[in-house]
Amino acid sequence: MSKVIRTALFSLSAAALVAATACGGNNASPSGSTATSPAGSSEPAGSANTGKKVTISHAVGGDSPSRDVWMKAIGEAVGVELDIQVLPLEQMEQIYKVKAGTNDLPDLISYHPGARTRDDLQAKDKLIDLSDMPIVQNILDDIKPYYVEQDGKVYGVPGQALKFGGIAYNKKAFTEAGVSIPQSLDELFAVSEKLKAAGKVPLYLSAKDSWTLQIPGLAAFSYDQLQSPGILDKINTNQATFKDAAHFIEAFDTMKKMVDQGYVNSDYLSATYTNGLQAISEGKAGMYPVLTSAFSTILDTMPDLINDVGFFPWPVEGDKTVTVWPPMIYGIPQSSKNADAVKKYIEFFASSEGQKIYFDTLPAAGVPAYKGVELDESKLLDPVKEMIEVTKTAKQFATVDFSVVANMGAFGQTVQEILMGQKSGADLAAELSDILAKNAKAKGAPGF
Amino acid sequence: MKTRSLPVGQIVLIAVLSALSLLILVPFYLIFINSLKSPAEASELGLAFPSKLEWSNYSKVFEVADLPLAFTNSIVLTFSSVAIILISAAMAAFAIQRRKDGWSAALNVLVMLGLVVPPAIVPLYKVLSFFHLNGTILGVVLINVATRSPLSVFLANQFLKSISKEIDEAAIIDGCGKYKLFFRIVLPLMGPIMVTLFVFNSTFVWNDFMYVLYFLSSGKQMTLPLTMYLFIGQFGSMWNLVFANILIISAPLLIIYFFAQRFIIAGMTAGAIKG
Amino acid sequence: MHKLERKTYSISFAIPWLLIYGIFFVLPTLFSFYYAFTDWDLTSAKFSGFSNFVEMFNNPVFSTALANTAIFTILSIVLKVGVSLALAMALYHCIASNFFRTIFFSPYVLSYIAIGVLFTAIMHPEIGVLNKALRAIGLDFLALNWLIEKGQVIYSLVFIDVWKSAGFHLAIFIAALQTIPSDMMESASIDGAGPWKKFRYITFPMLASAFNANVIFALIVGLTKFDLVFVTTGGGPGYYSEVLKTLVYKQFAMGRYGLATAGELIIFVIVITLTVTMRKFLDKREVEV
C-alpha cells in the first residue's frame, strides 16, 4: 500500500521540479509569460508602430455582460485589442493606488472623479495630461470641473454616462395603490401608507449591502447645497461640518421613521442590493433608493421588467434638486506604453459615433457626458426617460462623497445603527465630520 | 481493529454520527437542489424538490463568465503553488525537527511568525516589482508559497516527531546518503501528513482571490473565485445561478478531497499492518 | 554522532523554503512595520511617532471590536477543538469512519464567499431553512435573528466558522491518531484497561501535540478572523460583529495605510503574546501528561 503513496509523492516532487524549472525559465525572459508586459521589462512587446494590433490592458470596476459588447465594438473601430481586467468595484481604487506606487497600472483605468481619488492616485505624477485632446471641449459644462483642473490640466475624461441618485419606484405598484410621485417628505409618508394598504413594501432598504443606505443622505445633500450655497467649500476648508447639513441629517432620520412606522421591508437588515432590485422590478416594493446605474443591472438581469420602473429625486418641499454622480474617468497612466492607441480609443468613445455604440448597447446607461450627443428618443427606456425629465427641471449638484477634500470612508454601517435606533442622523454627521477632519489632517489639507 | 465484536455500540455510534452528518449534508443539499430551480422557486431558499429540473442554470453560469479560462488558470496556479509548498515545507521541517541547535530554534521562531503575521500587501508588491514578477502567475505562486507554507512546515514538523530517529540511524548505518535518506525513507513515511497538507493547501490557494486581484493584471489571468465574487455582485438575487456557480467552483476541490481520502486510508492501513 | 547528525540533517534542506519565505514574506512584512509610525500615502511616509496607535485605540469602535474578537476567539477555540476531538474519537472507534470523515471535512473546501452566501440563505430570519426547521418542530422561541441581532450575530459567526473548520482540526487529530501503534492499544486491552483509561493514558497523551497545534491554530485564526466576517456581515449590522481585522481593513480602505499598519501591529502583538503564553502553558502540560 505504501507503494501507492511513494508513487504519488514521487510524481508530486517531479511536478515541483518541473514547476521550479519553469520558474527559472520565466525569470530569464519575462516576455515569455502570458502577462501583459510589466513596466520595467526590457523591451516592450507591443510597441505601437508594427502592423500587429496593439493590445490595450484596461481595468474596469464591477462586472456587466453588456460591457464586453460595446468595448469590443469600439476597439474594433479603432483597430485595437482589449485585455479587460474586471475588478470588484469596492476594491478597485485601493488596487489602483497600490499599483500606481510601482508604476504598474494598466494602459487604461477608469476611476471615480473628484479631488479625493485624483490625489490618492497622484494624478499629477502618474497620469497623462489630456488637455490637448479636442474632446475635452465637448464635456458637459456642469460636470467639467470634475475633469478639468483649475490649472487647465486634464487627468482623464468621462468614460461613462451621468447617473443620478434618488428613488426608483414601481409604476404598477403606484397605480395599484392610486398614488403619484411624492413632492415632499410628508407626501412620502402619505404615499407609503397607501402602498402599505395595497399590500406593498412601501420603501425597500437593503442594509446588508450597507453602501446602499448612504444614497438617501447623499441625494438629500444637494438640497443643503441649494439652500446654503457654499456649504461644500466651507466643509472642505473646515469652516463648516456635516452637522450644518440639515437635509443630509433629515434624510437618515426619515429612513428611521419609515422603519418605525412599518413602511420598510421587515428583513431590511438581511436584504442585499440585488434583492432590492428584484423587489422594485417585480413590484413587491413601491420605492427603493438607488443610483440610476441600477437600471443597467435590471436590464441585464430582468430585461422584461425594466419599463415597470421609474425614477424621482429625493422629495423635499420646494425647488427640486438632484444629485449627480459624474461619470467614471478614463485615465491613461504615464507608465502606459500604448498611450497613443489608448487616446485613439478614448477619442472614438467620446465621438458621436462611439457614443451611439455605447448607448445602443447600454440603453439604460444614463445621460451622455459629451455635448452634441443625441439619444434616439424612440429607443429610450421608461426609467431613463423619467430620469432625463428630472434633470431638465431639477438643479444638479455632484455628489458630496466625490467632492470632499479627503476620504470619509464608507458610513453605511453607521446608517445601520441609525435604523436600529442606536444613533441619530446628527450623530452620523458628527462622526463623519470627525473622520473627515482626521483624514484631511493626515493628508495635510489646508484648514485642518 | 477488534471493534467489530461490539455491534450494538457500533450501531449507536453510527446513528449519532449520521445525525451529526445532517448538519453538513443539509446545507450541501440546499446548494444542490436550489441550483436546479427556477429563480422564483429558488428565492424561497427551501429544501423542496423543484417542480422542474433546470439544468440550463449551469450553462447560463458558463455563459456569463469565461469559466474554462478561469478553470485552467486556477488549476495551474493551485497545482504549482501546492507542489512547491509541499516539497519545500517537508524538507524544511525535516531539517528543523531533526536538528537540535540554534538554527532550528531560529527557524522555529520564523515559522511561528509566519502563522501569526499578516502578509503586507504593499511592500510585497514592491518586492515583486523588484524581481519583475508583478502581473505574472509565477509571482502569485511564490506569494502563495511564502504566505501559506508556515502552516505546512509547522504541521510537518509536528508529524515528524512521531517518526523515530532510529529509522534514520539505521539507514545511515546502511550507507544511505542524506538526500536518499530523506527522499526515499523519511518522505514516504510522511505520506498521511503530506496528503493532508495537499488538501489544506489546495483549498487555500484555490479559494484565494485577494492575491489574484492585487498581483495579476490581465483579464486572461482571471481565476474561479474571482469570477464567483464578481458574479454574486451582479446576480446575487438569482439564488439558482449563485448556487450553481458555488457548486461548479467547489466541485474540483471536493473531487480532489475524495480522491485524496484513499491515500489517507492507504497510509492508515499500512501503519496498521506494520503494527 | 553529533557531527554526523549535523551533516545528515543538513540545513540545506531548509534553504529552498527559507529563500522563498524570506524574500516574499519576512522581508516585506518587517519592512511594513516601520510604516506603522508614519502617515503613509504609499509614495511618501511622514514620521508621526505613536499617533497612529493613539488614533487606533481612540477609535470609538475599537473596544467593541476587541470584545467581539475575544468572544469569537475563546468560543471558537473551545468549540473547534472540543467538537473535532470528540469526532476524532468517535471516528477512531467507528467502522464507517472513512465515510463520516469525508462528510465532516467537506465544508472545509468551500470558500468563504460561498459560505457567506450559503449561511445568509440558511440563517435568513424569515425564509431561512434554519428558522423554518425550528418552527416546524415547535421550537419557535429558538428561531432567532441569527445574523442581525446584537448578542446573536457574533455567536452565529462562531457557529459558521466551527461548521467550516471542525473538519480541519479533525484531520489533524486523525493524522495523529494514525501514529498510535495498535499493539499499544492491544496490550492495554489485554491488561484490562477500559475505554476511558485507554483514552486518558494512551490516546490523549499521544494526541497531545496535535491537541496543542489545534488550540494554537484556533487561537491565531480566531484573533485574526477576517474573511468570514467580511463576507457574511461586513462587521454589521451597526458594529455588532466588528472584529479587529475588519476594523483595520476599513482604515486601509480609506487610504490610511499607516494607520492600518499600526492596527495590524497591534493585532500582531496581541496574537504573539497570547500564542507564546498559550504555548508555554500547553508545553508544560504536555510534559506533565
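How many of the eight residues of helix 12 (residues 294-301) of chain A are buried? Seven of them are buried, and this helix of chain A is mostly covered. A residue is buried if 20 or more other C-beta atoms lie within 10 Å of its own, exposed if 12 or fewer, and partly exposed in between, with C-beta atoms placed from the backbone. The model is predicted: local features need pLDDT of at least 70, side-chain atom pairs count only at pLDDT 80 or more, and totals for chains, interfaces and linings use all residues. Residues are numbered from 1 along each chain as its sequence is written, while chains are lettered from A and ligands numbered from 1 in the order in which they are written.

**Chain A and its helix 12**

- Chain A contains 18 helices and eleven strands; helices (H or I, at least four residues) and strands (E, at least two) are DSSP runs, numbered from the N terminus.
- Buried residues account for 55% of the 448 residues of chain A.
- Among contacts in chain A between residues at least 6 apart in sequence, 76% join residues at least 24 apart; two residues are in contact if their C-beta atoms, placed from the backbone, lie within 7 Å.
- The buried residues of helix 12 of chain A are Ala294(A), Phe295(A), Ser296(A), Thr297(A), Ile298(A), Leu299(A) and Thr301(A).
- Within chain A, these buried residues pack against strand 5 (163-170), helix 11 (273-282), strand 7 (285-291), strand 8 (309-312) and helix 15 (382-393). They also pack against helix 12 (224-235) of chain B.

**Chain C as a whole**

- Chain C has 13 helices and two strands, and its C-alpha trace spans about 70 × 70 × 30 Å along its principal axes.
- Of the 289 residues in chain C, 49% are buried.
- For contacts in chain C between residues at least 6 apart in sequence, 71% join residues at least 24 apart.

**What the UniProt record lists for chain C**

- An unreviewed UniProt entry lists residues 66-278 of chain C as "domain: ABC transmembrane type-1". UniProt positions are given in the numbering used here, feature names are shortened, and annotations may be inferred rather than shown by experiment.
- In the model, residues 66-278 of chain C are 74% helix and 0% strand, with the end C-alpha atoms 19 Å apart.
- The unreviewed entry also places the feature "transmembrane region" at several spans of chain C, including residues 65-91 and 153-180.
- Residues 65-91 of chain C are 100% helix and 0% strand, and their end C-alpha atoms are 37 Å apart.
- Residues 153-180 of chain C are 89% helix and 0% strand, and their end C-alpha atoms lie 40 Å apart.

- Helix 4 (residues 62-93) and helix 5 (residues 97-105) of chain C pack at an angle of about 155°, with their axes 8 Å apart. Axes are lines fitted to C-alpha atoms, for helices over the stretch in contact, and angles run from 0 to 180 degrees between N-to-C directions.
- Helix 4 and helix 5 of chain C are therefore roughly antiparallel to each other, a term for angles over 145 degrees.
- Helix 4 of chain C contributes Leu87(C), Leu91(C) and Tyr92(C) to this contact, and helix 5 of chain C contributes Ser97(C), Phe100(C), Arg101(C) and Phe104(C).
- Tyr155(C) belongs to helix 8 (residues 153-177) of chain C and counts as partly exposed because it has 15 C-beta neighbours inside 10 Å. Tyr155(C) and Ile71(C) are 84 residues apart in sequence and 8.2 Å apart in space, C-alpha to C-alpha.
- Met206(C), in helix 10 (residues 195-223) of chain C, is partly exposed, with 18 other C-beta atoms within 10 Å. Not counting residues up to four places away in sequence, Met206(C) touches Ala176(C) and Ile180(C).

**Contacts between chains**

- The contact of chain B with chain C takes 81 residues from chain B and 69 residues from chain C.
- Helix 13 (residues 239-274) of chain B gives the largest share of the chain B side, 14 residues.
- The contact of chain A with chain C takes 22 residues from chain A and 21 residues from chain C.
- Helix 3 of chain A gives the largest share of the chain A side, four residues.

Terms used
Angles under 35 degrees count as roughly parallel, over 145 as roughly antiparallel, 65 to 115 as roughly perpendicular and the rest as oblique.
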